[in-house]
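Q: I am new to reading protein models. Can we work through one together, feature by feature?

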Amino acid sequence: MKKSTKINIAVTAAVVAVLAIIVFIAVAKPFSPPQEETAAATPIVAENSHRLDVAEDGKATLVEFLDFECEACGAAYPSVEQIREEYAGEITYVLRYFPIPSHQNSMNAAIAAEAAAQQGELESMYRKLFETQTAWGEQQDSKAGLFRQYAQELGLDMAAYDEAVADPETQARVKFDFDAGVALGVEGTPTFFVNDEMVSVTSSGDIRAALDAALDK
């Protein structure tokens with residue numbers, strides 16, 4: 001066999017091998033849509049989202065992705081409550097869970113809130129957790145027992161509460177919000193959306209401006 005023929009055969013074999021690898025990768029690796037497409041397919045307000053305030057006209061919706069252990073969320077809480085009061089009847093306020101994994105009790109707190117939500121007492125637990133945050137936040141031991149105490153103080157049915165806390169579906173509901181936040185580009189808490197737009201917040205005035213613009217449309 002001529003030397004040139006051997007070279008041609010070797011080159012052809014190499015090309016075929018490369019093509020085979022490319023085809024294998026294309027088949028083995030599932031298609032991942034761009035983040036923009038994922039975000040577009042993820043509703044900012046889902047059917048099961050918790051609406052603490054509801055405006056009949058639906059012109060302006062304020063969505064907060066929050067972590068009950070997050071100090072920034074705790075600092076923003078009074079301003080958010082003031083905004084809710086100022087715009088009462090004009091805006092829908094939606095709470096979505098985004099427990100940051102590095103916070104030891106953020107998931108426990110979210111589960112406690114969701115267990116309370118199942119008894120129609122989410123807002124009561126939401127307020128309790130933020131108003132007591134300095135008593136339990138940034139600690140390394142589990143505060144699930146303390147959150148149970150809060151549930152008792154709020155007058156919840158404790159058998160139903162305990163059952164909800166132990167039910168994997170309760171944590172799955174929290175994770176549903178967390179996964180939605182990730183898909184929507186949430187990277188920290190608190191993160192706010194007004195209608196379909198993420199709001200860059202440097203002060204509570206930024207949220208008011210976004211709400212006013214939505215209400216003026």
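Q: Is Glu138 buried, exposed or partly exposed?
A: Start with the scale: buried means under 20% relative accessible area, exposed over 50%, and partly exposed in between, with a 1.4 Å probe and protein chains only. Glu138 has 46% relative accessibility, so it counts as partly exposed. One caution before we go on: this is a predicted model, where local features need pLDDT of at least 70, side-chain atom pairs count only at pLDDT 80 or more, and totals for chains, interfaces and linings use all residues. Residues are numbered from 1 along each chain as its sequence is written, and side-chain values use heavy atoms, with hydrogens and water left out.

Q: Where does Glu138 lie, and what is its phi?
A: Helices (H or I, at least four residues) and strands (E, at least two) are DSSP runs, numbered from the N terminus. Glu138 sits in the loop between α6 (133–136) and α7. Its phi is near 60°, a positive value in a residue other than glycine. Asn195 has a positive phi as well, near 55°. Asn195 lies in the loop between β4 and β5. With 28% relative accessibility, Asn195 counts as partly exposed.

Q: Which peptide bond is cis?
A: Look at the bond from Thr189 to Pro190: it is cis, with omega near -5°. Pro190 belongs to the loop between α9 (168–183) and β4.

Q: How many helices and strands does the protein chain have?
A: Ten helices and five strands. The chain holds 217 residues, and 39% of them are buried.

Q: How do I read the sheet, and what is the order of its strands?
A: Strands of a sheet pair through backbone hydrogen bonds, either parallel or antiparallel. Two strands count as paired if DSSP finds at least two bridges between them. Here five strands form an open sheet in the order β1-β3-β2-β4-β5, with mixed pairing. At the edges are β1 (50–53) and β5 (197–199), each pairing on one side only. From one strand to the next, the twist averages 30°.

Q: In which sense do β2 and β4 pair?
A: Strand β2 (residues 61–66) pairs with strand β4 (residues 191–194) in the antiparallel sense, over four bridges. Find Phe65: it stands opposite Thr191 in β4.

Q: Which strands does helix α4 touch?
A: Contact means heavy atoms within 4.5 Å. Axes are lines fitted to C-alpha atoms, for helices over the stretch in contact, and angles run from 0 to 180 degrees between N-to-C directions. Helix α4 (residues 106–117) packs on the sheet and touches β1 and β3 (92–97), and its direction makes about 130° with that of β3. Helix α10 (residues 204–216) lies across β2, β4 and β5, at about 15° to β4.

Q: Which residues of helix α5 are buried?
A: In general, an α-helix has 3.6 residues a turn, so residues three or four places apart point the same way. In helix α5 (residues 122–131), the buried residues are Leu122, Met125, Tyr126, Leu129 and Phe130. They cover an arc of only 125° around the axis, which puts them on the same side of α5. That arc is taken from the directions from the helix axis to the C-beta atoms.

Q: What does Phe130 touch?
A: Phe130 is buried, with a relative accessible area of 7%. Not counting residues up to four places away in sequence, Phe130 touches Leu66, Asp67, Phe68, Cys73, Gly74 and Tyr77.

Q: How many aromatic pairs are there?
A: Rings of Phe, Tyr and Trp (its six-membered ring) pair if their centres lie within 6.5 Å; planes under 30 degrees apart count as stacked, over 60 as edge-to-face, and the rest as tilted. A search of the whole structure finds nine pairs. Take Tyr77 and Tyr126: their ring centres are 5.6 Å apart and their planes at 75°, so the pair is edge-to-face. Tyr77 is in helix α3 (residues 71–86) and Tyr126 in helix α5, so the pair ties together parts that are 49 residues apart in sequence. Both Tyr77 and Tyr126 are buried.
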